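Please view the sequence and the structure together before reading on.

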Amino acid sequence: MRIRSATRDELPLLCELERAAGAPFAAIGMPEIAHDEPPAPHELAHYLDEGVALVALAEPPGLPGDAALPAAPGPIAGYLLAEPVAGALHIEQVSVHPDHARRGIGRALIEHLAVGTDAPALTLTTFADVPWNAPYYARCGFRPLADHEVTPGLREIRRKEAEHGLDRWPRLCMRRDL
């Protein structure tokens with residue numbers, strides 16, 4: 001797998017990937033999340049200009065007999081969006097295509113971000129009870145924030161999430177000190 005910055009031309013592909021990555025939410029009783037339209041490419045461009053937009057490229061299929069030839073990277077298997085919020089780098093989205101799930105791609109994107117920033121911490125907001133959300137991020141070194149630890153910037157993010165209807169399910173803010 002190769003991780004690099006996304007390009008403007010790839011933003012529509014991130015939207016497609018997000019639709020596929022959201023599909024598993026339907027199976028756990030969250031069809032509104034599964035069918036929620038991802039941000040448009042012009043909205044995602046904000047992360048290219050003001051934050052971080054990373055893509056993970058899938059490993060290409062093996063080339064028997066041609067091991068000496070460098071293989072072109074495969075399709076985009078996952079992506080991560082982040083931006084500065086309240087002195088930390090806030091992860092807005094980590095998505096992995098279901099065809100590439102459970103291969104460490106999300107964790108690799110987070111680790112790439114962690115080692116490439118001089119921010120003192122990473123933050124995110126997530127669903128508390130979805131197995132591939134808060135429990136997964138806890139395994140990646142994030143901890144839930146107590147109410148008094150939630151910064152004004154994170155409170156504003158949570159307010160916007162509530163307006164979008166995400167508070168139908170328990171959510172929380174998490175932080176990983178670097």
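A residue is called buried when its relative accessible area is under 20%, and exposed when that area is over 50%. The model described here is a predicted one.

Helix α6 covers residues 152–163, twelve residues in total. At 1.5 Å a residue the helix should span 16 Å, and its end C-alpha atoms lie 17 Å apart, which agrees. Its buried residues are L154, I157, R158 and E161. Around the axis they cover an arc of only 100°, which places them on the same side of α6.

That buried set packs against four strands: β3 (76–85), β4 (88–96), β5 (121–127) and β7 (171–177). On the face turned away from the buried side, α6 carries the exposed residues P152 and E163. Just after the helix, G165 takes a positive phi of about 95°.

## H90 in strand β4

H90 is located in strand β4. With a relative accessible area of 0%, which is under 20%, H90 counts as buried. Leaving aside residues up to four places away in sequence, H90 touches L81, A82, E83, V85, T123, L124, T125, L154 and I157. Two of these contacts, L154 and I157, are also buried residues of α6.

The chain also brings H90 and M174 to a C-alpha to C-alpha distance of 9.8 Å, although 84 residues separate them in sequence.

## Aromatic rings

Five aromatic pairs are present in the structure. The rings of Y136 and Y137 have centres 5.4 Å apart and planes at 70°; the angle is over 60 degrees, so this pair is edge-to-face. Both Y136 and Y137 are buried.

Ring pairs also join F25, F127, W132 and W169 into a cluster.

## Cysteines

How many disulfides does the structure hold? The number is zero. For C173, the nearest cysteine sulfur is that of C140, 17 Å away, and C173 is in no disulfide. A disulfide would require the two sulfur atoms to be within 2.5 Å.

Is C173 buried or exposed? At 6% relative accessibility, C173 counts as buried. C15 is buried as well, with a relative accessible area of 5%.

Technical notes
Residues are numbered from 1 along each chain as its sequence is written. This is a predicted model: local features need pLDDT of at least 70, side-chain atom pairs count only at pLDDT 80 or more; totals for chains, interfaces and linings use all residues. Side-chain values use heavy atoms; hydrogens and water are left out. Rings of Phe, Tyr and Trp (its six-membered ring) pair if their centres lie within 6.5 Å; planes under 30 degrees apart count as stacked, over 60 as edge-to-face and the rest as tilted. Buried means under 20% relative accessible area, exposed over 50%, partly exposed in between (1.4 Å probe, protein chains only). Helices (H or I, at least four residues) and strands (E, at least two) are DSSP runs, numbered from the N terminus. The expected span of a helix is 1.5 Å times one less than its number of residues. The arc is that of the directions from the helix axis to the C-beta atoms. Contact means heavy atoms within 4.5 Å.
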